[in-house]
Amino acid sequence: MDFMQTVTKFEQTVSTMVAHALQLNVIKFDGNVSTYATKNKIIKNLGAGKLSKEAQIEELATYLRTKDGYEAYQELTAEVE
């Protein structure tokens with residue numbers, strides 16, 4: 001598998017995990033703020049403007065794929081499993 005295929009697969013995996021976490025009520029979006037549903041903890045403020053649910057999922061997934069989002073990614077992964 002080449003590098004671009006690996007990157008694309010990782011991007012899809014993170015987006016799928018975020019969507020799955022929403023379905024399981026592990027996380028929720030309050031406006032453009034993503035939070036854990038059972039914890040009083042913000043994951044990420046996704047910015048201003050009206051975002052669709054798909055855009056919110058992609059924004060959060062993009063953040064989780066960054067260096068700054070690494071710990072949040074690990075925590076969310078543990079919560080979903």
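**Sheet, helices and nonpolar core of the chain**

In this predicted model, strand E2, formed by residues 33-36, pairs with E3 in the antiparallel sense over three bridges. Within this pairing, Val33 has Asn45 of E3 as its bridge partner. The two strands belong to an open sheet of three strands, which has the order E1-E2-E3 and antiparallel pairing. Because E1 and strand E3 (42-45) stand at the edges with a single partner strand each, one side of each is left without a neighbour in the sheet. Direction ignored, neighbouring strands of this sheet are turned against each other by 20 degrees on average.

Helix H2 packs on the sheet, where it touches E1, E2 and E3, and its direction makes about 115 degrees with that of E1. Helix H3 likewise lies across E1, E2 and E3, running at about 50 degrees to E2. In the chain as a whole there are three helices and three strands, and from the N terminus on these elements run α-β-β-β-α-α.

The largest nonpolar core comprises 20 residues, of which Val18, Ile27, Leu60, Leu64 and Leu76 touch the most other members. Two or more residues are given to this core by each of helix H1 (3-23), strand E1 (27-30), helix H2 (53-64) and helix H3 (70-80). When residues up to four places away in sequence are not counted, Leu76 touches Met17, Val18, Ala21, Val26, Ile27, Tyr36 and Leu64.

Of the 81 residues in the chain, 33% are buried, and the chain exposes about 5,500 Å², of which carbon and sulfur atoms supply 52%. Among the contacts with a separation of 6 or more, 49% are accounted for by residues 24 or more positions apart.

Technical notes: Residues are numbered from 1 along each chain as its sequence is written. This is a predicted model: local features need pLDDT of at least 70, side-chain atom pairs count only at pLDDT 80 or more; totals for chains, interfaces and linings use all residues. Side-chain values use heavy atoms; hydrogens and water are left out. A nonpolar core is a set of buried Ala, Val, Leu, Ile, Met, Phe, Trp, Tyr and Cys residues joined through side-chain atoms within 4.5 Å. Buried means under 20% relative accessible area, exposed over 50%, partly exposed in between (1.4 Å probe, protein chains only). Helices (H or I, at least four residues) and strands (E, at least two) are DSSP runs, numbered from the N terminus. Contact means heavy atoms within 4.5 Å. Accessible areas come from the Shrake-Rupley method with a 1.4 Å probe; for residues, only the protein chains shown count as cover. Two strands pair if DSSP finds at least two bridges between them. Axes are lines fitted to C-alpha atoms, for helices over the stretch in contact, and angles run from 0 to 180 degrees between N-to-C directions.
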